[in-house]
Amino acid sequence: MILAIDWSDSRFLTHLISVPLFTGVIGYVTNWTGVIMLFQPMRFHGIRWPGLRFLYPYLPRRVQVIPAITHDGRFGWQGIIPSRVSKMASISVDKALLKVGSIGDFYREFEPDKIADHIAATAREEIRGVVERIMEREHPRLWHDLPPVIKSAVHARIQRRLPVIVRGLTDQLGEHIEQLIDAKLLVIRHFEEHPELMNDMLREVGRKELRFMQNFGFYFGFPAGIGLVFLLEALPYWWVLPLGGAVIGWVANWIGIKMIFEPVFPRRVGPFRFHGLFLRRQPEVSDVMAKIISDDVINMKNIGDELLFGPRSDRTRQMLETSLRPAVDDAIGFARSAVRVGIGTERYDRIRDAVAHEAVEFASVFGDTEFGRQQAGKIRAFVARQMRQLRYDEFNELLRSAIKQDEWLLFVHGGVLGVGAGLIHLAIFGV
């Protein structure tokens with residue numbers, strides 16, 4: 001079939017100018033709003049929709065998880081990433097972070113010896129007060145009656161033994177860190193408590209790719225619109241523009257995402273080399289990701305909080321107290337027998353346990369901001385080095401795995417806006 005076109009036809013010229021502009025602009029707007037839909041809003045915003053609450057249990061699972069509806073019958077929107085923060089954190093840990101290193105690897109990069117020295121320096125100023133406070137609470141009369149020379153000897157010996165005691169504690173933590181901290185739960189819980197962090201991380205890591213997606217909508221939509229004009233000449237029906245707009249909107253997003261992540265491994269076709277845009281930036285993205293992880297996720301404060309207050313904190317405290325009891329005995333040294341005789345074995349053991357229990361709190365040095373900032377540099381260098389060495393397919397999972405299961409929503413979004421653009425063009429210019 002030969003398509004005869006009258007280049008002087010005003011209707012054809014109008015379509016030739018307006019349709020590509022429409023499809024180009026709508027392609028840009030589609031991808032621009034699609035990027036916004038990924039990240040915003042942080043919390044669900046919507047209204048109660050009559051009957052939706054009763055209909056919700058009967059909807060397919062794939063529909064239920066769309067962040068446009070809730071189980072309590074509200075209709076609105078929540079950013080795809082904030083709505084999936086737990087799942088995305090879990091996938092990121094499984095697919096990528098644990099390939100960078102175990103929690104033991106991260107702990108070793110913090111340099112436990114330096115942690116021990118810092119704890120000892122911090123505790124030195126407070127340990128005297130801890131001993132005084134416990135003795136006055138548990139056996140005030142005896143402590144008051146002890147000769148000052150014995151008190152001073154106890155304090156001096158504890159001060160001298162403190163670095164060795166603390167070094168033993170940090171070594172114990174290192175040996176059992178895998179049992180004391182569940183790295184996956186640590187990361188998931190942190191992102192759940194700070195969903196904006198997942199947003200910031202993916203925005204920063206995929207900054208150039210997200211900008212490409214926005215611009216690609218126009219770059220693809222404009223020439224596709226020219227082809228749509230000739231299709232409209234061949235099939236001058238009202239449904240061609242809405243249907244064509246839907247196809248263009250859907251395909252623009254599909255091709256854009258494909259170009260970002262595929263091919264995973266470089267391919268050469270003649271003089272051309274094809275490689276996913278995201279994967280080409282592996283060294284740059286590694287440095288960005290390493291900074292985010294070291295500053296906000298696996299840092300000294302979060303490790304300390306997980307050890308002392310996390311779901312396995314009872315194991316940490318029990319281990320530290322068990323390690324500290326003989327250390328307290330050793331630190332008291334020659335005065336131990338005299339104290340036991342004076343207060344009795346049972347009372348002595350209670351005091352020793354109290355010293356061990358309170359000394360655990362010195363691990364709060366993990367929350368020292370300045371010290372944490374110094375140690376974060378080592379984690380940053382470690383993560384960046386490890387991520388640069390990941391295979392392309394492993395590295396691809398960092399961003400790809402976070403959005404893969406929900407990217408169809410972006411395709412549907414593009415198709416819906418394409419239909420809308422086609423209907424608006426029909427309303428203004430006709431067929």
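A salt bridge here is a side-chain nitrogen of Lys or Arg within 4 Å of a carboxyl oxygen of Asp or Glu. The model is predicted, so local features need pLDDT of at least 70 and side-chain atom pairs count only at pLDDT 80 or more, while totals for chains, interfaces and linings use all residues. Residues are numbered from 1 along each chain as its sequence is written, and side-chain values use heavy atoms, with hydrogens and water left out.

**Salt bridges**

Select Arg 380 and Asp 295. They form a salt bridge, with the closest N and O atoms 2.9 Å apart. Arg 380 belongs to helix H21 and Asp 295 to helix H16, so the bridge ties together parts that are 85 residues apart in sequence. Helices are DSSP runs (H or I, at least four residues), numbered from the N terminus. Arg 380 is partly exposed at 29% relative accessible area, and Asp 295 is partly exposed, also with a value of 29%. On this scale buried means under 20% relative accessible area, exposed means over 50%, and partly exposed lies in between (1.4 Å probe, protein chains only).

Next, select Arg 207 and Glu 284, whose side chains meet in a salt bridge of 3.8 Å, N to O. Arg 207 sits in helix H13 and Glu 284 in helix H16 (residues 282-297), so this pair links parts 77 residues apart in sequence. Arg 207 is partly exposed at 34%; Glu 284 is partly exposed at 29%.

Now select Asp 105 and Arg 108, a salt bridge with its closest N and O atoms 2.5 Å apart. Both residues lie in helix H6, three residues apart, about one turn of the helix. Asp 105 is partly exposed, with a relative accessible area of 24%. Over the whole structure, the search finds 15 salt bridges.

**Aromatic pairs**

Rings of Phe, Tyr and Trp (its six-membered ring) pair if their centres lie within 6.5 Å; planes under 30 degrees apart count as stacked, over 60 as edge-to-face and the rest as tilted. By this rule there are eleven aromatic pairs. The ring centres of Phe 106 and Phe 382 are 5.6 Å apart and the planes are at 85°, so the pair is edge-to-face. Phe 106 is in helix H6 (residues 103-109) and Phe 382 in helix H21 (residues 369-388), so the pair ties together parts 276 residues apart in sequence. Phe 106 is buried at 2% relative accessible area, and Phe 382 is buried at 6%.

For another aromatic stop, select Phe 212, Phe 216 and Phe 220, which ring pairs link into a cluster.

**Val 85**

Select Val 85, in helix H5 (residues 85-100). Val 85 is buried, with a relative accessible area of 8%. Which residues are in contact with Val 85, leaving aside its neighbours within four places in sequence? They are Phe 191, Glu 192, Pro 195 and Met 198, where contact means heavy atoms within 4.5 Å. Val 85 and Met 198 are 113 residues apart in sequence, yet 6.9 Å apart in space, C-alpha to C-alpha.

How values were computed: Helices (H or I, at least four residues) and strands (E, at least two) are DSSP runs, numbered from the N terminus.
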